[in-house]
Amino acid sequence: MSLQLRHYIDRVFERYDWDKSGTLNPEELANFMTVYYESVGDPTKVTPEVARWYMEAIDLDRDGKISKQELFEAFKFLAPQELSAVVE
């Protein structure tokens with residue numbers, strides 16, 4: 001499962017890391033989370049301000065950005081099909 005999830009995380013970064021920094025900033029995370037919610041049938045639109053709230057929980061090293069490892073830790077308990085819709 002973790003290898004499959006790492007593949008999905010790589011795809012998330014390919015699609016949502018617009019500035020190719022290797023991390024997700026609040027705007028990039030907001031876009032990703034909005035698409036994620038839409039993929040599970042929730043019309044919630046995540047703003048950068050709300051994304052900052054998510055970052056409080058996900059940003060383990062408190063650098064203000066989300067790394068692949070931090071996103072992996074946040075999503076490792078989801079079923080693969082729950083994440084696949086946001087990278088297709």
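Trainee: What makes the contact of glutamate 73 with lysine 76 a salt bridge?

Mentor: In this predicted model, the closest N and O atoms of glutamate 73 and lysine 76 are 2.7 Å apart. A salt bridge needs a Lys or Arg side-chain nitrogen within 4 Å of a carboxyl oxygen of Asp or Glu, so the pair qualifies.

Trainee: Why is glutamate 73 called partly exposed?

Mentor: Its relative accessible area is 29%. Buried means under 20% and exposed means over 50%, so glutamate 73 falls in between. Lysine 76, at 31%, is partly exposed by that reasoning.

Trainee: How many salt bridges does a search of the whole structure find?

Mentor: The search finds 4. One of them joins the side chains of glutamate 27 and arginine 52, at 3.9 Å from N to O. That value is within 4 Å, so the pair is counted.

Trainee: Where in the chain do glutamate 27 and arginine 52 lie?

Mentor: Glutamate 27 is in helix H2 and arginine 52 in helix H3, 25 residues apart, so the pair links distant parts of the chain. Glutamate 27 has a relative accessible area of 37% and is partly exposed; arginine 52, with 39%, is also partly exposed.

Trainee: What makes lysine 45 exposed?

Mentor: Its relative accessible area is 56%, which is over 50%, so lysine 45 counts as exposed. The side chain of lysine 45 meets that of glutamate 38 in a salt bridge of 2.6 Å, N to O. Glutamate 38 is partly exposed, at 39%.

Trainee: How do you know that the span of helix H1 agrees with its number of residues?

Mentor: Helix H1 covers residues 2-16, which is 15 residues. At 1.5 Å a residue it should span 21 Å, and its end C-alpha atoms are 20 Å apart, which agrees.

Trainee: Which residues of H1 are buried, and why are they said to line one face?

Mentor: The buried residues are Leu5, Tyr8, Ile9, Val12, Phe13 and Tyr16. Seen down the axis of H1, they fall within an arc of 140 degrees, so they line one face of the helix. On the face turned away from that buried side are the exposed residues Leu3 and Glu14.

Trainee: Which residues have the most contacts inside the largest nonpolar core?

Mentor: They are Leu24, Leu29, Phe32, Met33 and Leu71, in a core of 22 residues. Helices H1, H2 (26-39), H3 (48-58) and H4 (68-75) each supply at least two of the core's residues. H2 gives the most, with 7 residues.

Note on methods
Residues are numbered from 1 along each chain as its sequence is written. This is a predicted model: local features need pLDDT of at least 70, side-chain atom pairs count only at pLDDT 80 or more; totals for chains, interfaces and linings use all residues. Side-chain values use heavy atoms; hydrogens and water are left out. Helices (H or I, at least four residues) and strands (E, at least two) are DSSP runs, numbered from the N terminus. The expected span of a helix is 1.5 Å times one less than its number of residues. Buried means under 20% relative accessible area, exposed over 50%, partly exposed in between (1.4 Å probe, protein chains only). The arc is that of the directions from the helix axis to the C-beta atoms. A nonpolar core is a set of buried Ala, Val, Leu, Ile, Met, Phe, Trp, Tyr and Cys residues joined through side-chain atoms within 4.5 Å.
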